[in-house]
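Here is a brisk report on strands, charges and rings. Please keep the structure open while reading.

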Amino acid sequence: MARKMASQGTPATAVLAAAGVPFVAHPYAHDPSAASYGLEAAEVLGIDPARVFKTLMVEVEGRLAVGIVPVSGTLDLKAVAGALGAKKAAMADPKAAERRTGYVLGGISPLGQRQPSPTVLDQTAFDFETILVSGGRRGLDIELSPVDLARLTKAVRARIGSVKP
């Protein structure tokens with residue numbers, strides 16, 4: 001895989017470069033009217049939505065955590081809570097998520113967050129050699145090995161996604 005181009009540098013790509021992890025940057029023209037950032041990326045980039053993952057911030061027992069699931073499905077809040085040893089979880093306040101990560105909604109990457117949070121990566125990521133996650137801004141996805149993503153984020157592996165009907 002190629003390395004990032006300097007003009008696309010974000011905290012996420014800086015973490016990958018510093019760790020020597022191979023990745024491919026996939027910039028695209030973001031449409032502000034898109035209903036779903038992740039599905040937009042999959043469509044524009046021509047990639048199976050099962051391989052494009054969204055980074056969702058949740059609140060678990062008063063602390064923020066990260067759930068990473070395919071854009072083709074939804075996050076199972078009970079499953080993410082269980083993976084983190086808790087009983088329940090709720091979606092985090094969007095402003096709290098932005099403050100914690102240093103990223104804007106639609107551009108929250110699981111990598112290079114201002115304050116790292118406990119992370120759970122959906123088990124289906126490991127069905128693929130590479131997956132795509134946000135690169136740290138709207139209009140930039142990064143492709144990398146799910147094994148590298150899990151290692152760099154210290155992610156727990158669990159089934160936390162459910163397929164949309």
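In this predicted model, the side chains of glutamate 143 and arginine 51 form a salt bridge, with 3.0 Å from N to O. Glutamate 143 counts as buried, because its relative accessibility is 14% and the cut-off for buried is under 20%.

**Salt bridges**

The structure holds three salt bridges. They are set out here.

| arginine 51 | glutamate 143 | 3.0 Å |

Lysine 95 and glutamate 98 both lie in helix α4 (residues 94-101). They are three residues apart, so about one helical turn separates them. Lysine 95 is exposed, at 53% relative accessible area.

Arginine 151 and aspartate 148 lie in helix α5 (residues 146-153). They too are three residues apart, and therefore separated by about one helical turn. Aspartate 148 has 15% relative accessibility, so it counts as buried.

**The five-stranded sheet**

In which order do the strands of the open sheet of five run? The order is β5-β2-β3-β6-β9, and the pairing is mixed. The edges are β5 (89-91) and β9 (156-158). Each has a single partner strand, so one side of each is left without a neighbour in the sheet. On average, neighbouring strands of this sheet are turned by 35° against each other, direction ignored.

Start with β2 and β3. They pair in the antiparallel sense over eight bridges. Valine 60 stands opposite arginine 63 in β3. The two strands form a hairpin with two residues between them. Glutamate 61 lies in that turn and has a positive phi of about 50°.

Is strand β3 (residues 63-70) mostly covered or mostly open? It is mostly covered: seven of its eight residues are buried. Strand β3 also pairs with β6, in the parallel sense, over three bridges. Here valine 66 stands opposite threonine 119 in β6.

Next comes the pairing of β6 (residues 119-122) with β9. It is parallel and runs over three bridges. Valine 120 has valine 156 in β9 as its bridge partner.

**The three-stranded sheet**

A further open sheet has three strands in the order β1-β8-β7, with antiparallel pairing. Its edge strands, β1 (24-27) and β7 (131-137), each pair on one side only. Neighbouring strands here are turned by 35° against each other on average, direction ignored. Between β7 and β8 the pairing is antiparallel and covers five bridges. Arginine 137 has leucine 140 in β8 as its bridge partner.

**Rings and charge**

How many aromatic pairs does the structure hold? The count is zero. A charge does sit over a ring, however: arginine 157 lies over the face of phenylalanine 126, at 3.5 Å from the ring centre.

Key
Residues are numbered from 1 along each chain as its sequence is written. This is a predicted model: local features need pLDDT of at least 70, side-chain atom pairs count only at pLDDT 80 or more; totals for chains, interfaces and linings use all residues. Side-chain values use heavy atoms; hydrogens and water are left out. A salt bridge is a side-chain nitrogen of Lys or Arg within 4 Å of a carboxyl oxygen of Asp or Glu. Buried means under 20% relative accessible area, exposed over 50%, partly exposed in between (1.4 Å probe, protein chains only). Helices (H or I, at least four residues) and strands (E, at least two) are DSSP runs, numbered from the N terminus. Rings of Phe, Tyr and Trp (its six-membered ring) pair if their centres lie within 6.5 Å; planes under 30 degrees apart count as stacked, over 60 as edge-to-face and the rest as tilted. A charge sits over a ring if NZ of Lys or CZ of Arg is within 6 Å of the ring centre and within 35 degrees of the ring normal. Two strands pair if DSSP finds at least two bridges between them. Axes are lines fitted to C-alpha atoms, for helices over the stretch in contact, and angles run from 0 to 180 degrees between N-to-C directions.
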